[in-house]
Amino acid sequence: AATPAVNFEPGAPCVFEASNGARIETDFVPGKAALAALAGTWPMPLSFADLSGRVREQLKTHRLESCAAPAADLCGFLLRLYAARLVEFRARPPSFSTVISDRPSVSPVARWQIQHGNQVTSQFHVPVKVEDEIGRHLLLWLDGTCDRQELLEKLWQLLKSRNALESPDSNEAGARRKLASDLQQNLEKLARMGLLVG
């Protein structure tokens with residue numbers, strides 16, 4: 001979910017929509033700041049303490065400190081959002097990794113799912129559709145046994161077998177550097193989506 005354009009001014013209503021299609025319109029300034037913060041980090045979760053801190057920062061940035069509300073008011077607002085299926089509450093954070101290890105891995109469930117279809121479930125319980133062959137292979141290989149070099153070699157051989165290498169003969173070193181950069185970007189994307197595990 002992209003961060004919406006938010007008018008933080010008091011009395012200015014803003015509409016927010018969750019990935020499941022649920023919508024809410026509110027002019028509650030701390031609520032607008034909370035929803036903007038959640039949209040900006042989605043699908044990554046925020047603790048209530050982190051969310052409260054981001055709300056305070058937004059109000060300070062927009063010189064709206066006078067609109068601050070007691071924590072109980074923000075809690076009540078979030079409870080109404082929960083009832084409307086706009087937010088989820090968790091007793092503890094999901095088990096995921098934002099750090100890409102030397103031997104990255106996805107959950108066994110995600111690897112099983114990609115063997116049987118083109119959709120996997122992130123550690124945030126969000127479905128992720130994988131539409132390309134390279135992405136499916138990469139998820140299968142991310143079992144924690146392959147280091148970056150092994151992953152790069154597997155990708156190189158896959159692309160070579162499909163005649164899909166960029167500059168396969170004229171500049172192999174350049175093509176390998178590009179592939180390494182693409183792999184890093186894809187691993188970072190998987191981490192942001194909550195697919196990598198520790």
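Buried means under 20% relative accessible area, exposed over 50%, and partly exposed in between, with a 1.4 Å probe and protein chains only.

## Basis

This is a predicted model, in which local features need pLDDT of at least 70, side-chain atom pairs count only at pLDDT 80 or more, and totals for chains, interfaces and linings use all residues. Residues are numbered from 1 along each chain as its sequence is written, and side-chain values use heavy atoms, without hydrogens and water.

## Helix α7

Helices (H or I, at least four residues) and strands (E, at least two) are DSSP runs, numbered from the N terminus. Helix α7 covers residues 172-192. Its 21 residues reach 30 Å from first C-alpha to last, close to the 30 Å expected at 1.5 Å a residue. That expected span is 1.5 Å times one less than the number of residues.

The buried residues of α7 are G174, A175, L179, L183, L187, L190 and A191. Their cover includes α5 (133-141), α6 (148-161) and β6 (196-197). G194 follows α7, with a positive phi near 80°.

## Helix α1 and its partners

Axes are lines fitted to C-alpha atoms, for helices over the stretch in contact, and angles run from 0 to 180 degrees between N-to-C directions. Contact means heavy atoms within 4.5 Å. Helix α1 (residues 29-41) packs against helix α2 (residues 48-61) at about 115°, with axes 9 Å apart. The contact involves V29, P30, A33, A34, A37, L38 and T41 of α1. From α2 come L51, R54, V55, Q58 and L59.

Helix α3 (residues 71-83) packs with α1 at about 60°, with axes 10 Å apart. Here P30, G31, A34 and L35 of α1 meet L74, F77 and L81 of α3.
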